[in-house]
Amino acid sequence: MMCKSGLTHIITMDLHQKEIQGFFDIPVDNLRASPFLLQYIQESIPDYKNSVIVAKHPGAAKKATSYADRLRLGIAVIHGEQKESEVDEVDGRYSPPPV
């Protein structure tokens with residue numbers, strides 16, 4: 001749809017999967033935010049060496065490990081249960097409640 005509307009080039013930011021670029025018949029440039037984020041952490045957080053990078057679920061562990069390696073920090077992975085229904089929201093497991 002984007003190509004049909006006349007786009008001739010797409011610039012993206014941190015695609016979830018780089019293979020998505022292959023779905024387009026036009027050039028796709030995927031920019032990465034991680035170099036800027038890492039630089040910001042190193043320059044703006046004086047005591048960052050006493051930190052731990054946390055992955056919010058096992059699927060995010062690969063990216064969190066990459067950040068932790070580059071910052072020379074430890075990593076933690078939250079291994080929670082899958083949300084099964086809206087009833088789970090009511091009992092407080094998923095605080096704060098959605099807005």
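Predicted model: local features only at pLDDT ≥ 70, side-chain atom pairs only at ≥ 80, totals over all residues.
## Basis

Local features need pLDDT of at least 70, side-chain atom pairs count only at pLDDT 80 or more, and totals for chains, interfaces and linings use all residues. Residues are numbered from 1 along each chain as its sequence is written, and side-chain values use heavy atoms, without hydrogens and water.

## Fold

The protein has three helices and four strands (DSSP runs: H or I of at least four residues, E of at least two, numbered from the N terminus). Their order along the sequence is β-β-α-β-α-β-α.

Of the 99 residues, 17% are buried (under 20% relative accessible area, 1.4 Å probe, protein chains only).

## Largest pocket

The largest pocket has a volume of about 660 Å³. A pocket is an open set of points on a 1 Å grid over the protein atoms alone, where a 1.4 Å probe fits, with protein on both sides within 12 Å along at least five of seven lines; lining residues have an atom within 4 Å of a point. The volume is the space filled by probe spheres set on the points, which are joined across faces, edges and corners.

The lining has 23 residues, and Leu15, His16, Arg32, Lys62 and Lys63 are the closest to the pocket centre. α1, β3 (52-55) and α2 (61-71) each give two or more residues. α2 gives the most, with six.

## Ser34

Ser34 sits in helix α1, residues 34-44. Ser34 is buried, at 4% relative accessible area. Leaving out residues up to four places away in sequence, Ser34 touches Tyr67 and Arg70 (heavy atoms within 4.5 Å).

Notes: Buried < 20%, exposed > 50% of the residue type's maximum accessible area, 1.4 Å probe, protein only.
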